[in-house]
Amino acid sequence: MFLKLDHLKKLYDADNGVKELNFSIDKGEFVTLLGPSGCGKTTTLNLIGGFLKADSGRILLDGEDITALPPEERPISTVFQSYALFPHMNVLENVCYGLRFLRRMSKKEAIPVAMEYLSIVGLSGYEKSRVGNLSGGQQQRVALARSMATGPKILLLDEPLSNLDAGLRVKMRAELKELQQKLGITMIFVTHDQEEALCLSDRIVVMDHGDVAQIGTPREIYFHPESRYVATFVGKSNDFREGGRTVVVRPEDILLRMAPDGPYTIVEKTFMGSHTEYVVEGDGKRLEASLFGRQNSELETGARVAVEIGHSFFLNE
Amino acid sequence: MTAYEQTGTARPVRRLRYRAANLLDWVMLGLLLAGIALFILYPIVSVVSTSFFVKGQFTLQYYLDLFTKSNLKLIGNSLWVATLSSSFTTFFAFCIALYAFCSKEKTRRLLQNGLLLTMISPPFVSALAFILLFGRRGIITYGLLGLSVNPYGWHGIVILQTIGNISFATLLLLASFDTVDLKQVLASRDLGANPWQTLWHVVIPLVRPGLLSVIFTLFTMNLADFGTPIVIGGRYKVLATEAYLQVISTANLGKASAISVLMVPTAVVAFYFYRKTLSQSGSLAEGSKSFSGSGYEFELPRSIRCLLLSVVGLFFTVMALKYGNILLSTVSNTATGHIQFTTKYFHDLPRSQMSSYWRSIRYAVLSGVAASFLGILLSYYTHRRRLPGMKGVEFIASLPYIIPGTFFGLGYVAAFSHEPFLLRGTGLIIICNYTFRQISVANKSANAAFSAIDEKLEAAAQDLGASRMEVFFGVILPLLKSTFLTCFITVFTSSMTSVGAIAFLISPGKNVASMELFQSIENGRYGVAAVQAVMIIAVTLGINLFSMYLLNRGRKNQKGGNGRVPEAGSSQEAV
Amino acid sequence: MKRILASLLAAAMLTGVFAGCSNSGGQSSSSGTSSSEAAEKPYEGTTLNVMLAYGGAEKSFDAFTEKTGIKIEYVEISTGKALAQMQAENGNTTADVWFGGGVDSYIAATELGYLEPYVSPEAEAIDESYRDKDGYWTSLALVPAGFLVNNDVLAEKNLEAPKTWEDLADPKYKDEIIMASPAISGTQYAILNGTLQAWGEEKGWDIWGKINDNVDFYAKGGGEPGPKTCAGEYGIAILAMTGGTFALEEEYPVTAIYPEDMIPWTPAPIAIFKNSQNKEAAKVFVDYMLSKEGQEALREADARIMARGDVEVPSAIGTVDTTKMIKQDVTLFGSQREALLEKWAALAGEKDA
């Protein structure tokens with residue numbers, strides 16, 4: 001137990017803020033706070049970073065109560081959504097900034113450390129560039145290097161990939177994961193993008209209206225969502241009542257088979273390349289199915305099919 | 001690659017450093033608040049109390065006396081003149097700003113610099129030029145046209161106030177035009193609106209908050225202006241002159257104070273609207289780009305373009321006449337309608353001219369630095385740190401700017417002529433008066449600049465271990481460098497040319513250049529006054545040009561920067 | 001870089017504060033004299049602060065500084081304004097000496113207790129009616145009043161130059177006369193009070209009522225009518241007749257005229273402020289300015305009729321018939337001031353403050 005949030009509360013009004021957070025994070029873990037906008041994930045991050053003062057509750061880091069400490073005294077660093085690079089300094093000066101203030105290095109001492117972190121994020125050669133002249137991805141890396149160089153016990157990332165275009169986002173995602181594993185830094189990552197959360201995290205904290213909806217590994221969250229909220233927010237799902245319980249099935253767990261007397265009819269078909277999405281109706285149900293492979297893309301709308309359900313689960317109600 | 005090295009929570013030594021910085025932070029805040037209390041609130045309270053107490057006895061007599069028939073007429077006069085002048089100025093300023101908006105970047109910058117330079121106007125120079133050019137024996141009206149026109153009266157006040165404020169108003173409006181998003185204009189054209197319709201339905205509604213703010217600001221300034229009416233009003237009296245004359249003729253501080261108090265509500269209302277429009281325009285400014293500088297051009301119908309161009313031409317012709325006349329007056333006697341050259345005015349300069357001149361420059365530099373710094377500090381504590389009650393402090397800090405200058409000056413006389421703050425006869429009282437009268441100028445530009453700087457920058461710096469002081473001096477001040485410089489120029493210029501507020505504060509051996517000029521004009525030494533005016537113009541122009549050079553250089557360096565640093569020079573709402 | 005900027009700022013502010021402080025009291029108290037010089041120039045290095053309402057007088061200060069080593073700093077301020085300022089400051093003025101201007105303000109200041117009585121040994125040579133009996137103020141010079149006419153303007157309108165005060169009441173001069181407000185200008189006040197003493201209240205107010213009809217508006221200072229008339233804006237100015245007034249004749253198409261019926265005048269006094277920290281040096285200054293030597297220097301600086309009987313009337317102020325000067329009771333200038341100005345305000349209405 002490295003970081004522990006203990007009955008942490010911060011309410012702006014009855015509906016905004018976080019109600020009562022209780023969870024802990026282990027050393028070296030990559031934890032994602034996932035949820036739609038307004039769910040309290042950024043508030044949680046700002047509470048941990050020290051930018052907000054909690055109404056009540058405690059934050060313990062490495063056994064030490066840091067609830068009352070201002071941001072500059074916490075061994076925690078944040079990478080902001082807008083990066084917040086200092087426009088009046090060049091890349092190297094930006095990275096040296098924290099080294100000089102937080103680690104009390106002289107300029108001379110700071111430069112080699114900063115250069116090293118710049119090389120870690122792949123920005124060697126850009127030391128003297130003005131930050132305004134860099135691309136979004138490069139600015140992102142400077143922000144990362146700047147935060148990591150200070151040696152924080154926890155690195156907070158506030159939707160750091162949201163300002164990048166799709167291709168770059170995937171690339172940075174991979175780099176981020178690699179960096180985290182290489183350096184073993186504990187990271188808390190805030191996003192509303194479930195794909196990002198699933199592929200990066202050791203554990204995911206799904207949040208809903210200031211509360212924790214579910215905490216678990218990506219697999220647990222995806223395959224065993226504890227509520228409809230989690231099930232629908234993370235991945236697509238079909239749900240229907242059966243035997244007095246709600247059954248949830250992921251579209252990719254459904255198989256369609258040509259059957260002229262099958263109970264279902266294909267009503268919509270969308271070809272996506274790697275897979276094909278079908279909507280079938282019948283038996284009083286409407287189901288979405290994702291089928292992979294070339295052969296599975298050949299079914300036509302109007303065709304009658306039989307449905308095989310591979311994996312399904314019940315919601316705890 | 002070295003192993004990833006972790007830092008822990010702050011150790012005692014580092015904590016001590018943060019505590020020290022926090023302490024310093026409180027000290028800075030304390031000094032700021034103390035300064036505002038002592039040099040703004042206390043004088044105003046002192047002078048207002050003179051209108052309620054006669055020999056220690058509370059009375060409302062001064063206020064009851066105000067509502068006589070003749071005083072109501074004064075109020076009517078003031079409102080009439082201020083309304084006309086403000087409307088005309090706004091109209092002309094709008095024309096010039098629109099012309100600049102539709103022009104290419106180069107023309108625009110040229111216009112902007114021209115406007116900045118024509119803001120340098122020592123007191124009474126316009127009035128002097130106006131009388132010499134257009135008066136009963138004016139070079140133009142009498143010498144060229146053979147007319148004998150009486151320049152004295154309300155129309156003289158309106159003309160001079162109108163012309164005098166155009167540069168300032170245009171610069172304010174330009175800042176507001178800057179917030180118009182080019183894409184909206186393009187969208188309007190794309191949806192089938194012609195340029196005229198686009199102007200009417202898109203551009204004007206977008207700059208409307210700016211227009212309102214300008215007109216209210218002008219109204220307040222014109223209401224409080226005593227210099228113009230006193231020189232050109234003739235028998236036409238307004239509240240501001242009445243307050244001044246009450247003091248210099250009968251030493252009736254109480255009555256003058258009561259009259260000034262009468263002007264405060266209008267000023268406060270104007271200020272309220274200004275704030276309201278400002279908050280609207282603030283949200284518009286987000287993420288928008290100035291029109292010019294991009295490849296597109298917004299072309300207006302020919303007839304409108306011609307109208308705008310002629311307004312621009314007329315304005316700069318009038319400015320050329322004004323400055324030309326002053327230059328000519330230093331070496332010639334034009335008072336009789338024809339020109340006789342002479343060098344005697346240089347010999348006739350008062351003995352104390354040079355020492356007053358250097359003193360002025362020194363004081364203006366000091367107050368320029370101090371006012372800019374304090375204004376930024378005030379803005380920081382109010383809008384960044386959001387300390388409770390600071391909005392109220394900000395309002396108090398804006399009072400000296402919205403109340404009549406003489407009134408503020410009288411406040412200093414009432415407050416600092418006796419213990420415990422006996423400052424009369426010192427240079428400090430003049431510096432403080434310059435500084436605290438202008439704090440709100442810097443405060444307002446800083447507010448605008450802050451709204452354009454990502455708040456996360458400060459969070460990031462703090463997150464990276466910088467103490468509060470290091471954030472302020474290492475991140476905020478450097479980012480506001482151009483704002484600082486712009487404020488400095490504004491405060492320097494107005495300190496060099498200020499008369500109203502310090503008319504009662506100078507003392508033997510502590511005279512300043514603008515007052516030497518005023519005294520020359522009072523004593524009818526117009527030629528000498530012209531020389532003194534040119535001296536003031538020269539140094540102010542020098543400082544302005546140098547600052548513009550620095551700003552432009554800074555802009556070049558920032559070019560390609562991520563654009564979060566606000567454009568300076570346009571001195572957004574440099575009220 | 002940022003630190004440098006920050007420390008520069010701090011330094012600049014501090015310098016400002018200290019500069020202000022050290023300037024505050026420093027100059028007047030410094031006295032670094034060696035003993036040998038002290039005998040001759042006991043106040044060497046002292047600086048006297050002077051409130052000046054005596055155009056051109058500063059040219060005579062150098063001679064004084066050379067003789068005594070006392071430096072003079074001055075600020076030009078009309079006496080009405082100076083009085084108002086002193087009232088606002090409760091008499092806590094930082095000036096040492098009040099120099100020239102209208103005597104009415106001096107009388108008012110005496111009553112308010114702002115002045116220090118001092119009877120200079122040189123005052124014996126000055127007529128008793130030109131000085132305060134208790135020595136609160138003593139006249140430096142007498143300033144006669146008269147007209148300045150613009151010959152071009154009058155010729156253009158086929159008007160003759162006025163010869164007497166009563167001439168000014170003639171409706172033909174409508175809108176051609178400019179004069180200062182007696183509430184602000186000491187000279188103008190002296191003209192009003194003096195002529196009223198000569199004519200008597202009833203006749204006097206009747207004439208002034210008619211003159212008022214001819215005046216477009218009242219100037220806010222005694223310095224304004226002259227230049228406005230020179231510039232041809234008005235045909236006739238009512239103003240103080242000093243060397244400076246006559247000097248205008250060389251530059252402009254104007255003529256300075258002494259009225260033929262009577263010449264109003266005001267003493268231009270000198271006084272020491274009660275609040276002065278340099279009273280002894282101030283007395284040296286007053287003695288000098290009232291001495292024959294000082295009076296001649298002052299006459300040289302700006303030609304006026306000097307208060308001392310043994311200093312000749314300068315030729316630069318034309319030929320003034322001193323017998324025409326109004327025989328007036330100067331003390332009434334002070335005692336009647338309030339009532340008279342009130343009556344004036346009612347008469348002038350909106351033309352004046």
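Two residues are taken to be in contact if their C-beta atoms, placed from the backbone, lie within 7 Å. On this criterion, in what is a predicted model, 35 residues of chain A are in contact with 32 residues of chain B. The elements of chain A that give two or more residues to this side are β6 (76-79) and α2 (91-101), and of these α2(A) gives the most, with three residues. By class, the side of chain A that touches chain B has 15 nonpolar, 11 polar and nine charged residues. Two pairs of chains are in contact, and chains B and C share the most contacts. Chain A and chain C, by contrast, are joined by no contact, and their closest C-alpha atoms lie 11 Å apart.

The domain assignment of chain A gives domain 1 (1-226) and domain 2 (238-313), and the centres of these two domains, taken over C-alpha atoms, are separated by 40 Å. Strand β14 (residues 264-271) of chain A pairs with strand β15 (residues 275-282) of chain A in the antiparallel sense over six bridges, with K269(A) standing opposite Y278(A) in β15(A). The two strands form a hairpin with three residues between them, and G273(A) in the turn has a positive phi of about 95°. On to the next strand, β15(A) is joined by eight bridges to strand β16 (residues 285-292) of chain A, and this pairing too runs antiparallel. Here E277(A) stands opposite S290(A) in β16(A), and the hairpin formed by β15(A) and β16(A) has two residues between the strands, with a positive phi of about 60° at D283(A) in the turn.

A further open sheet in chain A consists of three strands in the order β11-β12-β18, with antiparallel pairing. Its edge strands, each of which pairs on one side only, are β11 (238-242) and β18 (313-314). Strand β12 (residues 245-249) of chain A pairs with β18(A) over two bridges in the antiparallel sense, and the bridge partner of V248(A) in β18(A) is F313(A).

Most residues other than glycine have a negative phi, and most peptide bonds are trans.

Chain B contains 23 helices and four strands, and buried residues make up 59% of its 575 residues. Among contacts in chain B between residues at least 6 apart in sequence, 81% join residues at least 24 apart. A cis peptide bond, with omega of about 10°, joins E419(B) and P420(B), and P420(B) is placed in the loop between α17 (405-416) and α18 (427-451) of chain B.

The mean pLDDT of chain B is 81, and 87% of its residues reach 70 or more. Confidence in this chain is lowest in helix α8 (residues 182-190), at a mean of 69, and highest in helix α15 (residues 353-384), at 93. Over residues 282-294 of chain B pLDDT stays under 50, and the model has 23 contacts beyond four places in sequence for them; over residues 559-575 of chain B pLDDT likewise stays under 50, with 59 such contacts in the model. Where pLDDT is low, the predicted coordinates should not be read in detail.

In chain C, seven of the 10 residues of helix α5 (residues 103-112) are buried, so the helix is largely enclosed by the rest of the structure. The buried residues are V103(C), D104(C), S105(C), Y106(C), I107(C), A108(C) and A109(C), and they pack against elements of chain C including α4 (79-88), α7 (186-199), β10 (265-273) and α14 (337-348). Just after α5(C), G113(C) takes a positive phi of about 80°.

The largest nonpolar core has 369 residues, of which V95(A), A145(A) and F285(C) touch the most other members. Leaving aside neighbours within four places in sequence, F285(C) is in contact with L48(C), F64(C), I70(C) and V97(C).

Notes: Residues numbered from 1 in each chain as written. Chains lettered and ligands numbered in written order. Predicted model: local features only at pLDDT ≥ 70, side-chain atom pairs only at ≥ 80, totals over all residues. Nonpolar A, V, L, I, M, F, W, Y, C, P; charged D, E, K, R; others polar. Domains from an automatic or database assignment. Core = buried A, V, L, I, M, F, W, Y, C linked by C-beta atoms within 7 Å. Buried ≥ 20, exposed ≤ 12 C-beta atoms within 10 Å, placed from the backbone. Pairing = 2+ DSSP bridges. pLDDT = per-residue confidence, 0-100.
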